[in-house]
Amino acid sequence: MFRFRTIFFSEKLFMRAADLLVSEGYADLGYEYVIVDDCWLAANRSADGMLEADKKRFPSGIKALSNYVHSKGLKFGLYQDLGSKTCAGFPGVLGNEAKDAKRFAEWEVDYVKLDGCFSDVRDMGKGYVEFGKHLNNTGRPIVYSCSWPAYQEFKGMRTDYASIAEHCNLWRNYGDIDDSWSSVMDIADYFATKQEFWAQYAGPGHWNDPDTLLIGNFGLSFDQSKLQMAIWAVLAAPLLMSAKLSAVRPEFKEILRNKEIIKISQDTIGVQGTRIFRELCSCDSTLTS
């Protein structure tokens, strides 16, 4: 999957991303979704209460972009939020759940990421289940990505993973990843502390999601990028690239297109790997001769 999250984007960026997924061989390896993250929306709904795209960044409209992505043999995804607003302050689905699910189906969306900003954390279970049912009621197959556990974990609340696995296809367990090695290791370590509990809920059609691959950006070295790819593969994590594909250097493309590592992540059995050993070292920074 390809996902790009910044306010400085337009429909042309995603059309170019679709082109590159195909021309550079990513699509043949399973990277089949182009997903637009937050900030695609207009500041307000239309007069009849419908979601609209920002007309400057998406002048052709979301349906036209969806059609373009589909014309490349790929699938199309959009971001939304369970609350009254998205994390960036654009209209959320609260109070318009059925209408918005129908809108996504009309746009032929194949993947919906539903965030949890500006929503009541205590009622998330009810809200996420309800929206998933609205998506199902459209009759269109749509991958449903939930942020439900990430918000409840942050608050130290008990999270109903059995229900999450039943109603969501993938779910964020932890906070957003940053473009840094420390962020990668923070997520990997947190997953390891929860692995005996979390791994039992992962399997075909329902996955724990440690967030995007940073490979091809600026924060990771070549070796650190290889390690993130390996850890994410062992976790049977969804592989979501979050980089400007036209600027990814060849050595990082090799990591993202490593067929053998991708096979591990995409193993049809769907067993999530766990950490079995951790070595802590205490290193003296003083050099002696």
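Reader: Which residue follows α1, and what about its phi?
Author: Glycine 25 follows α1, and its phi is positive, near 85°. Bear in mind that this is a predicted model.

Reader: OK. How many residues in α1 itself, and what end-to-end reach?
Author: Helix α1 covers residues 11-23, so to speak 13 residues. From first C-alpha to last, α1 reaches 18 Å. That is close to the 18 Å expected at 1.5 Å a residue.

Reader: Which residues of α1 are buried?
Author: Glu11, Phe14, Ala17, Ala18, Leu20 and Leu21.

Reader: Switching to helix pairs. At what angle do α3 and α4 pack, and how far apart are the axes?
Author: The angle is about 40°, and the axes are 8 Å apart. Helix α3 is residues 97-106 and helix α4 is residues 124-137. The pair is therefore oblique.

Reader: Left-handed or right-handed crossing for α3 and α4?
Author: Right-handed.

Reader: Which residues meet there?
Author: From α3, Glu97, Ala98, Ala101 and Phe104. From α4, Glu130, Phe131, His134 and Leu135. By type, the contact has five nonpolar residues, one polar and two charged.

Reader: Now α7 and α8. What's the crossing angle, and how close do the axes come?
Author: Roughly 20°, with the axes coming within 11 Å. Helix α7 runs over residues 181-198 and helix α8 over 222-234. At that angle α7 and α8 are therefore roughly parallel to each other.

Reader: And the hand of the α7 and α8 crossing: left or right?
Author: Left-handed.

Reader: Which side chains are involved, by residue name?
Author: On α7, the contact uses Trp181, Val184, Ile187 and Ala188. On α8, it uses Gln224, Leu227, Gln228, Ile231 and Trp232.

Reader: How many of the α7 with α8 contact residues are nonpolar, polar and charged?
Author: Seven nonpolar, two polar and no charged.

Reader: Last one, leucine 114. Where is its place?
Author: Leucine 114 is in strand β4, residues 111-115.

Reader: Buried or exposed?
Author: Leucine 114 is buried, with a relative accessible area of 0%.

Reader: What does leucine 114 touch, leaving out residues up to four places away in sequence?
Author: Gln80, Asp81, Leu82, Val93, Tyr128, Phe131, Tyr144, Ser145, Cys146 and Ser147. Phe131 also belongs to the α3 and α4 contact, on the α4 side.

Reader: How far is leucine 114 from leucine 78, C-alpha to C-alpha?
Author: The separation is 8.8 Å, with the two leucines 36 residues apart along the chain.

How values were computed:
Residues are numbered from 1 along each chain as its sequence is written. This is a predicted model: local features need pLDDT of at least 70, side-chain atom pairs count only at pLDDT 80 or more; totals for chains, interfaces and linings use all residues. Side-chain values use heavy atoms; hydrogens and water are left out. Axes are lines fitted to C-alpha atoms, for helices over the stretch in contact, and angles run from 0 to 180 degrees between N-to-C directions. Helices (H or I, at least four residues) and strands (E, at least two) are DSSP runs, numbered from the N terminus. Angles under 35 degrees count as roughly parallel, over 145 as roughly antiparallel, 65 to 115 as roughly perpendicular and the rest as oblique. A crossing is left-handed if the near helix is turned anticlockwise from the far one by less than a right angle, and right-handed if clockwise. Contact means heavy atoms within 4.5 Å. Ala, Val, Leu, Ile, Met, Phe, Trp, Tyr, Cys and Pro count as nonpolar, Asp, Glu, Lys and Arg as charged, and the others, Gly among them, as polar. The expected span of a helix is 1.5 Å times one less than its number of residues. Buried means under 20% relative accessible area, exposed over 50%, partly exposed in between (1.4 Å probe, protein chains only).
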